[in-house]
Amino acid sequence: MKKGTKRYSILKLKCPRCQIGNLFSNQGLFVFTDILKMPDRCPHCKQNFKLEPGFYTAALWISYPIVLLIFIPLIILGFSLNSISGFFKIMYPFIILLSFMLQIPLMRFARAILLNMTIDYSTKW
């Protein structure tokens, strides 16, 4: 993955401006404390992450279609369990649990996508 691209910044959860500083105070995808805690500014380039009040509510509109892509196949699988073999009936609760575990990274990626739609990469800051 090439540094300087939006994909790099989103997948690595880095500042969209410098792509060095971390977007979240608690690094990583699967964290269980301070899930969405972000610094006010990038520790490296000082880009403001609090662009305006309520800015991150728009991240809900980004994560909603992604959630639909995950849950609609699971709902269809659930309704068709009567005709599927016993293996899938056993695996279905684990698939549901996995989809709930993906909510934390999804919320973080939605915020990263929203910031990358607003802020461009720059070598001059």
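Guide: A residue is called buried when its relative accessible area is under 20%, exposed when that area is over 50%, and partly exposed in between. Please keep in mind that this is a predicted model.

Visitor: Is leucine 36 buried, partly exposed or exposed?
Guide: Leucine 36 is found in the loop between α1 and α2, and its relative accessibility comes to 30%. Since buried means under 20% and exposed means over 50%, leucine 36 counts as partly exposed.

Visitor: Which residues is leucine 36 in contact with, leaving aside its neighbours within four places in sequence?
Guide: Leucine 36 and isoleucine 104 are 68 residues apart in sequence, and their C-alpha atoms are 8.7 Å apart in space. Contact here requires heavy atoms within 4.5 Å. With neighbours up to four places away left aside, the residues in contact with leucine 36 are Phe24, Met107, Arg108 and Arg111.

Visitor: Is phenylalanine 24 buried or exposed?
Guide: Phenylalanine 24 is found in the loop between α1 and α2, where it touches Leu13, Ile35, Leu36, Lys37, Met38, Pro39, Arg108 and Arg111, not counting residues up to four places away in sequence. Its relative accessibility is 3%, and the limit for a buried residue is under 20%. Phenylalanine 24 therefore counts as buried.

Visitor: How many Å separate the C-alpha atoms of phenylalanine 24 and leucine 69?
Guide: These two residues are 45 residues apart along the chain.

Visitor: Which helices are included in what covers the buried residues of α4?
Guide: Helix α4 has 16 residues, which at 1.5 Å a residue should span 22 Å, and its end C-alpha atoms are 23 Å apart, which agrees. Among its buried residues are Ile104, Leu106, Arg108, Arg111 and Leu114. The cover over the buried residues of α4 includes α1, α2 and α3.

Visitor: How many helices and strands does the secondary structure of the protein come to, and why is the protein described as more spread out than a compact globule?
Guide: The secondary structure comes to four helices and zero strands, and along the sequence the pattern reads α-α-α-α. For 125 residues the globule rule gives 14 Å, and the protein is more spread out than a compact globule because its radius of gyration is well over that, at 18 Å.

Visitor: What percentage of the residues of the protein count as buried?
Guide: The C-alpha atoms fill a box of roughly 60 × 30 × 25 Å along the principal axes, and the protein exposes about 8,100 Å², of which carbon and sulfur atoms supply 67%. Of its 125 residues, the share that count as buried is 33%.

Visitor: Is glutamine 19 buried or exposed, and what is its phi?
Guide: Most residues other than glycine have a negative phi. Glutamine 19, in the loop between α1 and α2, is buried, with a relative accessible area of 2%. Although it is not a glycine, glutamine 19 has a positive phi of about 60°.

Visitor: What is the phi of aspartate 34?
Guide: The place of aspartate 34 is in the loop between α1 and α2, and with a relative accessible area of 46% it is partly exposed. Aspartate 34 is not a glycine, yet its phi is positive, at about 50°.

Visitor: Which residues does glycine 4 touch, not counting residues up to four places away in sequence?
Guide: Glycine 4 lies in the segment before α1 and counts as partly exposed at 30% relative accessibility. Glycine 4 and tyrosine 121 are 117 residues apart in sequence, while their C-alpha atoms are 6.2 Å apart in space. Not counting residues up to four places away, glycine 4 touches Gln19 and Tyr121.

Visitor: Which residues does serine 122 touch, with the sequence neighbours up to four places away not counted?
Guide: Serine 122 lies in the segment after α4, and at 24% relative accessibility it counts as partly exposed. Its C-alpha atom is 34 Å from that of leucine 68, a residue 54 residues apart from it in sequence. Not counting residues up to four places away, serine 122 touches Arg17 and Cys18.

Key:
Residues are numbered from 1 along each chain as its sequence is written. This is a predicted model: local features need pLDDT of at least 70, side-chain atom pairs count only at pLDDT 80 or more; totals for chains, interfaces and linings use all residues. Side-chain values use heavy atoms; hydrogens and water are left out. Helices (H or I, at least four residues) and strands (E, at least two) are DSSP runs, numbered from the N terminus. The radius of gyration is taken over C-alpha atoms; the globule rule is 2.2 Å times the number of residues to the power 0.38. Buried means under 20% relative accessible area, exposed over 50%, partly exposed in between (1.4 Å probe, protein chains only). Accessible areas come from the Shrake-Rupley method with a 1.4 Å probe; for residues, only the protein chains shown count as cover. The expected span of a helix is 1.5 Å times one less than its number of residues.
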